Amino acid sequence: MFADLGPRWDRLYRRCAAATPFQSHAWLHSWWLSYGRPGRLRLVLVRDGRGELVGAAPLMRVPGPVPALVPLGGPISDYADVLVDDEYPGAVPALAAALAGAARTALIDLREVRPGGAAERVWDRWPGPRGRVADSLCLELPAVPLRDLTARLPSGKARQRVRAKLRRLDALGVKSRAVLPAETDAALHRLLELHRMQWQGRKVTGEHLSPRFRAHLVRAAGAMVAAGDAVVTEFRLDDEVVAVDVTLLARRLAGGYLYGAHPRLRECRADVAVLLLDAAARQVCDGQREVLSLLRGDEPYKHHWRPRPVLNQRLLLARRRTAPLLAAALVDDAARRRGKALRRRWRERPGDGGA
């Protein structure tokens with residue numbers, strides 16, 4: 001059923017301005033094939049009189065002390081959301097009603113919703129108990145050329161350093177090109193191999209090295225490149241591919257999702273962050289998109305570009321009979337935050353040597 005929804009889902013996706021690349025059918029269906037469990041899929045759909053989709057919530061049921069309906073995409077997706085047709089006035093209340101009917105004895109737990117997401121509109125119309133708490137931090141830049149991003153830097157010395165790094169890349173002869181759809185699978189396999197080499201001996205997200213993630217990324221990004229919803233870029237040095245990057249594209253937002261870089265670039269004193277940002281900025285500075293997202297994570301190198309911090313949201317929706325589940329989720333969230341704050345203060349104690 002999910003596979004058959006592709007064309008209708010994609011039309012709805014393009015009529016929902018707030019959608020991120022992680023709500024595309026190619027991404028979600030591929031994720032389900034790699035990570036889904038039989039019997040847990042819950043697709044909440046709203047159609048108009050002609051059978052066209054005007055609302056969709058891609059969810060799955062998770063058991064536990066707090067049974068919940070959660071978005072597809074899991075931890076490897078930086079944003080989650082529902083889809084609503086911006087041109088169909090009744091889409092939001094109809095989807096809210098459909099979600100209320102689907103929830104039954106479960107809490108609807110929408111993690112990682114970007115501010116301004118379509119799920120906010122459903123949350124606003126929700127008739128029952130609801131809650132909202134902060135989720136992960138994302139960092140965002142305007143979708144402008146690198147020269148304009150460089151102009152944002154706080155000092156002349158910082159701007160000069162970026163220009164020097166660009167000159168270094170030119171002197172090395174690093175060239176970039178967007179791969180063709182027919183070349184995407186091979187380029188993505190190369191990306192993942194370079195990613196493994198780049199992080200060898202260092203702490204890395206283990207899931208990115210797993211066979212199921214490889215299958216998902218190749219399948220999803222290949223379809224997204226063909227549809228114009230992603231760009232895979234190869235970087236060559238002396239006719240050898242030394243880096244590959246995949247950038248995901250939506251109507252208003254683009255995000256550099258994953259890259260792999262050969263250790264040779266570090267040995268040549270090439271700044272990989274500048275290399276990737278320059279290529280991504282060229283791809284998205286067409287005047288259509290507003291945001292170049294650095295996605296989740298508070299890594300120091302991202303702050304060099306003075307990005308705007310944006311907190312994703314966790315939107316919780318309950319029926320009156322499931323209000324205790326909402327209360328339990330909010331209590332658990334508060335406890336986890338207190339625990340993190342205590343661990344951070346413990347690590348930062350003066351004189352403890354960072355223990």
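Modeller: Start with α3 and helix α4 (residues 118–125): their axes come within 9 Å and cross at roughly 70°. The axes are lines fitted to C-alpha atoms over the stretch in contact, and angles run from 0 to 180 degrees between N-to-C directions. α3 is thus roughly perpendicular to α4 (under 35 degrees is roughly parallel, over 145 roughly antiparallel, 65 to 115 roughly perpendicular, the rest oblique). On the α3 side the contact uses Val-92, Pro-93, Leu-95, Ala-96 and Leu-99; α4 supplies Arg-121, Val-122 and Arg-125. Contact means heavy atoms within 4.5 Å. By class, that is six nonpolar, no polar and two charged residues. Ala, Val, Leu, Ile, Met, Phe, Trp, Tyr, Cys and Pro count as nonpolar, Asp, Glu, Lys and Arg as charged, and the others, Gly among them, as polar.

Some ground rules. This is a predicted model, where local features need pLDDT of at least 70 and side-chain atom pairs count only at pLDDT 80 or more, while totals for chains, interfaces and linings use all residues. Numbering runs from 1 along each chain as its sequence is written, and side-chain values use heavy atoms, with hydrogens and water left out. Helices (H or I, at least four residues) and strands (E, at least two) are DSSP runs, numbered from the N terminus.

Next, α8. Helix α2 (residues 25–35) packs on helix α8 (residues 211–227) at about 160°, with the axes 9 Å apart. That puts α2 roughly antiparallel to α8. From α2 come Ala-26, Trp-27, Ser-30, Trp-31, Leu-33, Ser-34 and Tyr-35. They meet Arg-212, Phe-213, Ala-215, His-216, Leu-217, Arg-219, Ala-220, Ala-223 and Met-224 of α8. This contact of α2 with α8 splits into eleven nonpolar, three polar and two charged residues.

α8 has another partner. Helix α7 (residues 184–198) and α8 bring their axes within 9 Å and cross at roughly 140°. The two are therefore oblique to each other. The crossing of α7 and α8 is right-handed. Thr-184, Asp-185, Leu-188, His-189 and Leu-192 of α7 make the contact, with Phe-213, Arg-214, Leu-217, Val-218, Ala-221, Gly-222 and Val-225 of α8. The count for α7 with α8 is seven nonpolar, three polar and two charged.

Helix α10 (residues 272–284) has 13 residues, which should span 18 Å at 1.5 Å a residue; its end C-alpha atoms are 19 Å apart, so the two agree. The expected span is 1.5 Å times one less than the number of residues. α10 is mostly covered, with ten of its 13 residues buried (buried is under 20% relative accessible area, exposed over 50%, partly exposed in between, with a 1.4 Å probe and protein chains only). Among the buried ones are Val-272, Leu-276, Asp-278 and Val-284.

Helix α12 (residues 323–347) has 25 residues and reaches 37 Å from first C-alpha to last, close to the 36 Å expected. Its buried residues are Leu-325, Leu-326, Ala-329, Asp-333, Gly-339 and Ala-341. Those pack against β5 (107–113), β6 (130–142) and β12 (308–317).

Single residues, then. Cys-268 sits in the loop between α9 (263–267) and α10. Cys-268 counts as buried, at 19% relative accessibility. Leaving aside neighbours within four places in sequence, Cys-268 is in contact with Arg-168, Leu-172 and Leu-237. Cys-268 and Leu-172 are 96 residues apart along the chain, yet their C-alpha atoms are separated by 8.1 Å.

Asp-85 lies in the loop between β4 (83–84) and α3 (91–103). Asp-85 is buried, at 5% relative accessible area. Asp-85 touches Leu-12, Arg-15, Val-54 and Ala-91, not counting residues up to four places away in sequence.

Last, the backbone. Most residues other than glycine have a negative phi. Arg-104 has a positive phi near 50°. Arg-104 is in the loop between α3 and β5 and counts as exposed at 58% relative accessibility. Glu-112 also has a positive phi, about 55°, without being a glycine. Glu-112 belongs to strand β5 and is buried at 9% relative accessible area.

Technical notes. A crossing is left-handed if the near helix is turned anticlockwise from the far one by less than a right angle, and right-handed if clockwise.
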